[in-house]
Amino acid sequence: MSKTTDRRKKLITLIHVARNELGMDEESYRQMLANIPELEGATSTSKLAVPKLELVLEQLKNKGFKVVPKNKNVTAKPAAKMADDPQSRLIRHLWLRLHTAGVVRDGSEQALAKFVANCTRVEALQWLSSDQASQVIERLKQWAKRAGVKV
């Protein structure tokens, strides 16, 4: 297999991963392709050359996709179990509600952990005491109220 063919296959795979991570349905994806002038109306990546595939990937990056390279030398550590108590679920719900409303830029668990650490100096939801969790909940509710977000 030539380098070009290998690069092409990797780009197509990456484009499809991006599409799935961005939650694009088939119609939206095809419309996005059709709206890229350099693709001359193409609605599929199957026959596109590498430079045009790179344009598609750039478009997906502009929509928020981030390429995370695989590190083949390091074995992946298992993901830490998320806190599942009622207060932690409420904190997560409020955080995601603020994210959906556009008040919070990053709705990730890591961003939430940073917010919690700023509020309580505790770096994970599962380590919060009941009082600390209540403090975080109240801060999120007040933030939502100031931003006009119904919770």
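The accessible surface of the protein is about 10,800 Å², and carbon and sulfur atoms hold 51% of that area (Shrake-Rupley method, 1.4 Å probe). The model is predicted, so local features need pLDDT of at least 70 and side-chain atom pairs count only at pLDDT 80 or more, while totals for chains, interfaces and linings use all residues. Residues are numbered from 1 along each chain as its sequence is written, and side-chain values use heavy atoms, without hydrogens and water.

Mean pLDDT (the predictor's confidence in each residue, from 0 to 100) is 87 for the protein, with 93% of residues at 70 or more.

The protein contains six helices and zero strands (DSSP runs, H or I of at least four residues for helices and E of at least two for strands, numbered from the N terminus). Its radius of gyration is 21 Å, well over the 15 Å that the globule rule gives for 151 residues, so the protein is more spread out than a compact globule (C-alpha atoms; the rule is 2.2 Å times the number of residues to the power 0.38).

Phe 115 and Trp 143 form a stacked aromatic pair, 5.7 Å centre to centre with 25 degrees between the planes (ring centres of Phe, Tyr and Trp, the latter by its six-membered ring, within 6.5 Å; planes under 30 degrees apart are stacked, over 60 edge-to-face, the rest tilted). Phe 115 lies in helix 5 (residues 109-120) and Trp 143 in helix 6, so the pair ties together parts 28 residues apart in sequence. Ring pairs link these two residues and Trp 95 into a cluster.
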